[in-house]
Amino acid sequence: MRILGIDPGLQTTGFGVVDVDGHRLTYVASGTIRTTALDRGDLPGRLKLLFDGITEVAQRYQPDSSAVEIVFVNTNPQSTLLLGQARGAALAALVTSLLPVAEYTALQMKKAVAGHGRAGKDQIQAMVQRLLQLPGLPGPDAADALGIAITHAHVGAAMARIAEVAPLQRRQHAMYKGGRSY
């Protein structure tokens, strides 16, 4: 199974692609989609760039499923709204590419990758490098995206099995450890 992980951001969105064979993870690709070349006031243009970039990544690497980080409220409401719009563009691109989408919190990703929810960016980068046997550290946004893909590789199958045995209603499954899968 090939998984595309997305770490959404309005200025920089990270992506990471991993192959999963049983418990074995193999690095495929990672990188970032940057909107900083466009004017900060051109929100529609920036969102289109994110949508097109994620669509291109999905077409190029042909993943079987995708996972996106769930964004919570920041201290600045305006930043939260902008980040939510970037996340919406990412979700729309994945759904348009006909990919199933799972969502995980940063806390879930940190626990799955580093073993504890208070891991810093540097710890996530180091653990992603170790888990995927990379020759160097991935960038912070790409590492988070790879971490989301790794989390889905570890947790996604268990959530799917639970859903098969006892179909979860939206209200219940959105509350299951804070993760969602559609």
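Predicted model: local features only at pLDDT ≥ 70, side-chain atom pairs only at ≥ 80, totals over all residues.
User: What makes the span of helix α4 agree with its number of residues?

Analyst: Helix α4 covers residues 121-132, which is twelve residues. At 1.5 Å a residue, they should span 16 Å. The end C-alpha atoms of α4 are 16 Å apart, so the two values agree.

User: Which residues of α4 are buried?

Analyst: They are I124, Q125, V128 and L132. Buried means under 20% relative accessible area.

User: How do you know that the buried residues line one face of α4?

Analyst: Look down the axis of α4. Its buried residues fall within an arc of 100°, so they line one face of the helix. On the other side of α4, D122 and R130 are exposed.

User: Which residues make the contact between α3 and α4?

Analyst: From α3 come M109, K110, V113 and A114. From α4 come I124, M127, V128 and L131. Of these, I124 and V128 are also among the buried residues of α4.

User: Why does D21 count as exposed?

Analyst: D21 lies in strand β2, residues 12-21. Exposed means over 50% relative accessible area. D21 has 61% relative accessibility, so it counts as exposed.

How values were computed
Residues numbered from 1 in each chain as written. Heavy atoms only, no water. Helix = DSSP H or I, 4+ residues; strand = E, 2+ residues; numbered from the N terminus. Expected span 1.5 Å × (residues − 1). Buried < 20%, exposed > 50% of the residue type's maximum accessible area, 1.4 Å probe, protein only. Arc of directions from axis to C-beta. Contact = heavy atoms within 4.5 Å.
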